[in-house]
Amino acid sequence: MASKSNREHTFNGTAVSRGIAFGPIHVVARGFAAPDVYPIKEENIPAEQARFDLAIAKTKEQLSQLQDHIEGIAGSDDEGLVFEAHSLVLEDPGLLRKVSKAIEERKQNAEFCFYAVMQTFLEAMRRVADSYLRERAVDIDDVCQRVLRNFKADDGAIGPDHQHLLVTYDLSPSDTASMDRAKLLGFVTEAGSINSHTAILARALGIPAIVGLGGAVLETTALAPAIIDGYSGKLIVNPSEETTARYQKLAAERQSARKALEALRDKESTTTDGHHITLSANIEFTHELDTVRENRAEGVGLFRTEFFLLESSNHPNEEAQTKVYRELALGTKPHQGIIRTLDSGGDKLGVEAFSEPEPNPFLGWRGIRVSLDRQAMFKEQLRAILRASSEGKLGMMFPFISGLSEIKACRKLVSECMGELDAEGHAYDADLEIGAMIEIPSAVLVADEIAKEVDFFSIGTNDLIQYTVAVDRINHRVAKLYRSSHPAVIRLIKMTTDASKRAGIWTGVCGEMATDLHMTPLLVGLGVDELSVGPHDLAPVRKALLSLDFGECQEMAARALTLATSREVFDCTKAMAQEAYPDLLEGLDAV
Ligand code: PEP
Ligand code: MG
């Protein structure tokens with residue numbers, strides 16, 4: 001294992017967020033860090049034992065509260081049983097004895113002894129053939145993390161208190177969102193894929209990141225110097241002086257290329273033959289609005305509200321939400337800020353955060369299904385959006401629409417909220433644009449009907465691809481099948497733009513495909529009116545649009561629509577991109 005020595009060693013994965021970062025490694029195994037280990041004196045063994053007892057007692061107390069809370073919401077005892085099972089783990093006398101014995105014999109701090117005992121147990125569980133038992137490892141893992149947190153006074157941000165490159169098995173979107181940007185220079189994960197929300201957040205935060213680096217956790221050592229190359233997907237551990245110098249040069253070149261792109265930021269995103277495409281930004285937090293403005297986006301095309309709604313410990317009420325949406329309205333002026341209503345579920349947090357995991361979360365209780373089932377919560381968000389719309393130009397759109405009745409139900413609730421606000425004397429913009437996200441194939445097939453109910457479509461290609469080709473967007477095993485250039489996907493996009501044109505409404509693309517510079521000529525040619533991309537991607541996409549000819553894109557798209565394979569479609573659009581802006585494509589991973 002070269003990297004455990006001091007020799008240079010390179011791991012290859014999939015680049016998901018561009019940039020180059022240098023720094024010492026911080027390793028986090030299986031989602032949570034090993035606690036610090038330190039020796040204890042013989043006379044302090046009882047005190048350590050007491051710390052352990054306290055952490056267990058605190059955890060049991062929390063689990064029982066969670067159980068009550070969930071049973072209260074669900075109105076039955078069944079939903080809370082998972083926490084009772086979690087509690088039972090903590091009552092296992094064999095386990096408790098093992099930890100006490102470890103404290104006594106190893107004379108090490110209690111949290112480390114607990115961690116060490118649990119790791120052995122968990123590894124054994126993960127290896128058993130019985131899939132039911134294997135799945136229970138996830139529950140044990142969860143309890144283990146909870147106990148470890150309870151040893152500490154605070155359970156704040158992930159990571160050590162120095163600047164570092166994080167090497168970990170996997171990250172959840174909430175882990176990514178709560179990382180301390182000042183300390184985290186970049187991250188790599190063993191699992192994950194380019195279209196996961198974790199990767200999307202990394203791009204939004206401008207953190208270089210790589211996923212799918214098998215073996216990285218086991219084979220790297222904490223504090224080893226390393227380089228993350230978020231262009232080609234390489235993690236280089238213990239880089240030689242020569243490698244470091246090469247990367248420093250590359251980083252400086254990228255920096256100046258970036259500066260050159262920024263010089264174009266005041267130019268309208270219009271093709272060489274005068275066709276304007278609205279170039280707007282995707283954000284997850286309003287603090288990103290500074291970057292959005294610096295890069296002169298024409299507004300926000302997608303504000304993903306689930307991160308701020310679900311990640312705070314108290315669900316923000318109508319007032320708190322109105323304040324955030326007002327920030328958006330004021331921050332995007334004179335352009336439009338489009339708020340997507342809560343899209344919980346899938347790989348993001350659920351509304352009822354502690355409920356049992358769903359067997360197929362991406363086909364489950366997600367997006368608009370949750371909002372329509374929890375109308376009080378949904379109306380709170382709708383009212384907040386409407387109230388904030390009196391301060392600037394806001395729009396709203398609904399995620400995970402699968403057919404006409406959902407969009408009608410949404411509109412009915414919006415009208416109801418408008419009526420309430422009228423009665424209460426609150427101002428709002430009665431003409432705010434209302435849109436449907438097109439991210440499920442069934443919605444495309446009934447797009448003509450949906451179009452009658454909305455002012456715009458926003459194509460969520462991240463999901464549209466996964467549901468069309470039946471490829472889980474976060475499963476790296478099938479990542480090679482996840483193709484935005486799949487002929488079925490591009491035909492669905494064309495059906496959507498055609499339906500919107502028939503209805504006289506506009507269509508945007510807010511999925512990651514809008515950021516893929518190889519795909520820009522094709523999307524333009526397929527007739528999309530808006531591209532909404534991460535704030536750090538506005539500059540390259542603007543340059544791409546400025547370099548393309550709309551007429552040629554249309555001809556190329558017509559040709560692409562006749563092709564039978566993803567590779568042929570990809571080659572077709574890539575050839576045009578290569579011709580128009582070869583400099584932008586340098587160093588980008590080809591499909
Ligand atoms: C999409 O599906 O393309 C999209 C923009 O929404 P999200 O990535 O949040 O699912
Ligand atoms: Mg989506």
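User: Let's start with R502. Buried or exposed?
Analyst: R502 counts as exposed, at 58% relative accessibility. The cut-offs are under 20% relative accessible area for buried, over 50% for exposed, and partly exposed in between (1.4 Å probe, protein chains only).

User: What kind of model is this?
Analyst: This is a predicted model, where local features need pLDDT of at least 70, side-chain atom pairs count only at pLDDT 80 or more, and totals for chains, interfaces and linings use all residues. Residues are numbered from 1 along each chain as its sequence is written, chains are lettered from A and ligands numbered from 1 in the order in which they are written, and side-chain values use heavy atoms, without hydrogens or water.

User: Back to R502. Which side chain does R502 meet in a salt bridge?
Analyst: That of D448, at 3.1 Å from N to O. A salt bridge puts a side-chain nitrogen of Lys or Arg within 4 Å of a carboxyl oxygen of Asp or Glu.

User: Which residues does the salt-bridge network join?
Analyst: E318, E319, K379, R383, R387, E416, E420 and E424 form one network through shared partners.

User: Show me one pair from there.
Analyst: Take E318 and R383. Their side chains meet in a salt bridge with 2.7 Å between N and O. The two are 65 residues apart and link distant parts of the chain: E318 is in helix α12 (residues 318-332), R383 in helix α14 (residues 375-388). Both E318 and R383 are buried.

User: How many salt bridges does the rule give?
Analyst: The count comes to 28. One of them joins E48 and R51, with the closest N and O atoms 2.9 Å apart. E48 and R51 both lie in helix α1 (residues 45-74), three residues apart, about one turn of the helix. E48 is buried at 7% relative accessibility, while R51 is partly exposed at 26%.

User: Now helix α12. How many residues does α12 have?
Analyst: α12 has 15 residues. From first C-alpha to last, α12 reaches 21 Å, close to the 21 Å expected at 1.5 Å a residue. The expected span is 1.5 Å times one less than the number of residues.

User: What caps the N-terminal end of α12?
Analyst: N317 does. A side-chain oxygen of N317 lies 3.2 Å from the backbone nitrogen of E319. Buried residues of α12 include Y325, L328 and A329.

User: And past α12? Where is the cis peptide bond?
Analyst: The cis bond joins K333 and P334, with omega about 0°. P334 lies in the loop between α12 and β11 (337-340).

User: And α19, what span should it have?
Analyst: The 17 residues of α19 should span 24 Å, and the end C-alpha atoms are 24 Å apart, which agrees. Among the buried residues of α19 are V489, I490, L492 and I493. Just after α19, G504 takes a positive phi of about 75°.

User: Which residues other than glycine have a positive phi?
Analyst: N238 is one of them, at about 50°. N238 sits in the loop between β8 (234-237) and α9 (241-262), and is buried at 10% relative accessibility. R296 has a phi near 55°. R296 lies in the loop between α10 (289-294) and β10, and is partly exposed at 35%.

User: New topic, ligand 1. Which residues come nearest?
Analyst: H197, R304, R340, N462 and R473, of the 17 residues around ligand 1. Near means a heavy atom of the residue lies within 4 Å.

User: Which elements supply at least two residues each?
Analyst: α7 (197-205), β10 (300-304) and α18 (461-469) do for the shell around ligand 1. The largest share, three residues, comes from α18.

User: How far is a ligand oxygen from the side chain of R304?
Analyst: An oxygen of ligand 1 is 2.7 Å from a side-chain N or O atom of R304. For R366 the distance is 3.1 Å, and for D463 2.9 Å.

User: How much of ligand 1 does the protein bury?
Analyst: The protein buries 100% of the 290 Å² that ligand 1 exposes when taken alone. Those areas use the Shrake-Rupley method with a 1.4 Å probe; for residues, only the protein chains shown count as cover.

Methods
Helices (H or I, at least four residues) and strands (E, at least two) are DSSP runs, numbered from the N terminus. A polar contact is a pair of N or O atoms within 3.5 Å; within protein, one must be able to donate a hydrogen and the other to accept it, and residues adjacent in sequence count only if both atoms are side-chain atoms.
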